[in-house]
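Hi,

Here's the structure I promised to pass on. Have a look, and my notes follow below.

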Amino acid sequence: MVNSRVEASAVSVTGGGGGSAGRSCAGCGGRIADRFLLFSMERYWHTRCLKCSCCHAQLGEIGTTCYSKGGMILCKNDYIRLFGHSGACSACGQSIPASEMVMRAQGNVYHLKCFTCATCRNRLVPGDRFHYVNGTIFCEHDRPGGALLSNHLTSLQGNGMMPDQKVC
């Protein structure tokens with residue numbers, strides 16, 4: 001699978017009974033002899049083995065959809081936390097590969113090169129102070145209105161830039 005491709009997959013609970021003999025679990029590789037099994041991403045899973053790569057929640061218990069990106073299987077909440085609602089950069093709209101470092105602000109996700117001041121176009125890095133006003137990023141020097149408004153000023157901490165595959 002290409003890293004930038006996202007697949008949303010239904011999680012179906014199927015009665016295993018005796019009919020699952022010979023089926024092996026995509027998670028652990030073991031034979032599925034459980035009463036119930038899951039079918040997702042064109043593969044069969046033990047109910048205990050289809051888990052979110054980040055929070056380790058059993059996906060069959062928390063919903064009917066899971067997401068797959070960059071070799072990770074994710075619940076909806078972790079997918080949105082890692083990749084935003086669309087899996088795309090909030091500035092340029094292009095896809096963000098699962099292995100790429102990103103910047104985050106107010107629940108939005110950005111490519112490093114796209115996290116720039118709207119006025120001077122300087123790139124912001126962790127530790128820089130910036131204003132986030134109506135979805136637009138401004139550096140401290142180009143803040144709108146000129147007055148320092150503490151509720152709009154944010155400082156990028158060390159966790160503002162992180163590789164998506166390591167944030168779990």
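Let me start with Arg-129, which comes out as partly exposed at 37% relative accessibility (buried is under 20% relative accessible area, exposed is over 50%, and partly exposed is in between, with a 1.4 Å probe and protein chains only). Before going on, a caveat: this is a predicted model, so local features need pLDDT of at least 70 and side-chain atom pairs count only at pLDDT 80 or more, while totals for chains, interfaces and linings use all residues. Residues are numbered from 1 along each chain as its sequence is written, and side-chain values use heavy atoms, with hydrogens and water left out.

Salt bridges (a side-chain nitrogen of Lys or Arg within 4 Å of a carboxyl oxygen of Asp or Glu) number 2 in the structure. In one, Arg-129 meets Glu-140 at 3.8 Å, N to O. Arg-129 is in strand S9 (residues 129–133) and Glu-140 in the loop between strands S10 (136–139) and S11 (153–155), so the pair ties together parts 11 residues apart in sequence. Glu-140 is partly exposed too, at 27%. Strands (E, at least two residues) and helices (H or I, at least four) are DSSP runs, numbered from the N terminus.

Arg-48 also forms a salt bridge, with Asp-34, and their closest N and O atoms are 3.3 Å apart.

Strands S7 (residues 101–105) and S8 (residues 108–111) pair antiparallel over 4 bridges (pairing takes at least two DSSP bridges). Of the 5 residues in S7, 4 are buried. Arg-104 sits opposite Val-109 in S8.

Cheers
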